[in-house]
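Please examine the structure shown below.

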Amino acid sequence: MKPMRLTQKIRIFPTLEQEEVLWKLSEKCRLIYNFALAERRDAYRHGIKGVTYRKQQNDLPIIKKHYPEYSWVYSKVLQYVLRTLAADYESFFALRKNGHADARLPRFKGKQYFTTMVYNQSGFKLEHGKVSFSHNYNDLPLEFAIPAKFFFDDKKVKQVAISEQNKRYFVTITYEMEEPLFMDNGRYQAIDLGITHIITAVNSQGKFLVVNNQRPDKYWNQKIAKIQARRDRCKKFSNKWKFFNRIKRKYERKRDDQLKDFQHKLSTKVVNNTKANTLIVGELQVKAMAQSTKVPNFMRSGLNRATQSTGTLGRFVQFLTYKSKRVGKRLIEFDERNTSRECYMCGKLHYMPLWERVMNCECGNVIARDKNSCVVLMKRFLSQNAKWTGYQVFLDNLRHTAKGKTKVPSPIRGYGSEDSQEAPSVRVG
Ligand SMILES: [Zn+2]
């Protein structure tokens, strides 16, 4: 068993009084950041050495002596602000060193900026569905409810941060848990990620699973486009313009939340509802590249959308990865070059532009494009897996299900347990 680090972001609902305290504290953090940044910039400009995190941290007590209001903030939180600045600087220098001439020095934070407050190791308390934070601004407890579905072992929580986004407040809890040992149980699931069918999967027993993508973004993007058009008819930054802009941003948030929510739920189900301990997905980078060279010019707009959703698919893969780890499974990213072009039965490479949804091979193989992809992926994985002996069994099972179909089988809706998954349509015996 080895520890793995996980984070959970949870929305909190401060009262008006608490909100005021949060802003007072955050303001002090922001000023410390700006002061420390000014000092570092000065040093950088004049070639002065020795303005380090340690130096600035040692200065904190002196600052507090002269300006007692900095003691409002829990002392380790202030230290963490300096550490963040140090990290910002380090990454700036690293970027410069690696030839990124456009890398910019960290910037001063403006008045509207809520500085995230990080309570590392201490200063917070988690218990009975609530979290509380130390501060010295006044006697008001900074205590927030946490929904019962989130359970954290107090001793395993390493850090809690308070942040703000668009007037919404969040705590981000970083905790450790023992990563269960992985065991290869001889069962595998290959997954093709796509846009229409977010998931087309086949397991090593030869059963398919198809899940339609939910595209809340389509609905919201329409609304966003409309409101943007109305906004752009107003004078820029006028009150009306700001009004429409606020609505636009609200829609964008809803779109992003819904997409994320869908991906969260689906990834949990995918990981939990299969008996396979090993999940295999294609490398998205390879996928994006293959698509960009295969698409003719008149399909460009479609391509842009395709590569965009590769971004959200990337997040989906991240979800799958850590959710697998959490339960002792693993996710492997595997080279998927040509998986959509290669006939899984005879190996012939076909011309398969994006709009071609069915592979129709001379060898008699007629199969939905996505299904073929994940079968090829599985084949490649199994053929490299010395432990697996059922390679031929896998292919034999498939032949029964895939051969002889003439149109795209309708996707199986919903997502039952592996055993309740229907094998797709006809079986030719
Ligand atoms: Zn073929």
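With 9 C-beta neighbours inside 10 Å, N166 counts as exposed; the term applies to a residue with 12 or fewer other C-beta atoms within 10 Å of its own, while buried requires 20 or more, partly exposed covers the values in between, and C-beta atoms are placed from the backbone. This is a predicted model, in which local features need pLDDT of at least 70 and side-chain atom pairs count only at pLDDT 80 or more, whereas totals for chains, interfaces and linings use all residues. Residues are numbered from 1 along each chain as its sequence is written.

N166 is not a glycine, yet its phi is positive, at about 50°. The residue lies in the loop between β6 and β7 (168-179). Helices (H or I, at least four residues) and strands (E, at least two) are DSSP runs, numbered from the N terminus. N338, also a residue other than glycine, has a positive phi near 65°. Its place is the loop between β12 (330-334) and β13 (358-360). The table sets out the neighbour counts of these two residues.

| Residue | C-beta neighbours inside 10 Å | Class |
|---|---|---|
| N166 | 9 neighbours | exposed |
| N338 | 15 neighbours | partly exposed |

For the protein chain as a whole, the secondary structure comes to nine helices and 14 strands. Of its 429 residues, 25% count as buried. Among contacts between residues at least 6 apart in sequence, 67% join residues at least 24 apart; a contact is a pair of residues whose C-beta atoms, placed from the backbone, lie within 7 Å.

One part of the strand structure is an open sheet of four strands in the order β1-β7-β6-β2, with antiparallel pairing; two strands pair if DSSP finds at least two bridges between them. β1 (2-12) and β2 (117-120) stand at the edges with a single partner strand each, so one side of each has no neighbour in the sheet. From one strand to the next, the twist averages 15°. Four bridges link β2 to strand β6 (residues 157-165) in the antiparallel sense, and V118 has A161 of β6 as its bridge partner.

Strands β3 and β4 form a hairpin with two residues between them, and H128 in the turn has a positive phi of about 35°. The two strands run antiparallel and are joined by four bridges, with β4 covering residues 130-133. Opposite F124 stands F133 in β4.

Among the helices, α5 has 34 residues and reaches 50 Å from its first C-alpha to its last, close to the 50 Å expected at 1.5 Å a residue; the expected span is 1.5 Å times one less than the number of residues. Y251, Q263, S267, V270 and V271 of α5 are buried.

Helix α4 (residues 216-232) packs with α5 (residues 239-272) at an angle of about 170°, their axes 9 Å apart. The two helices are therefore roughly antiparallel, a term for angles over 145 degrees. Axes are lines fitted to C-alpha atoms, for helices over the stretch in contact, and angles run from 0 to 180 degrees between N-to-C directions. Residues of this contact include W220, I224 and I227 of α4 and F244, Y251 and F262 of α5. The contact divides into ten nonpolar, three polar and eight charged residues. Ala, Val, Leu, Ile, Met, Phe, Trp, Tyr, Cys and Pro count as nonpolar, Asp, Glu, Lys and Arg as charged, and the others, Gly among them, as polar.

Conventions
Parallel < 35°, antiparallel > 145°, perpendicular 65-115°, else oblique. Contact = placed C-beta atoms within 7 Å.
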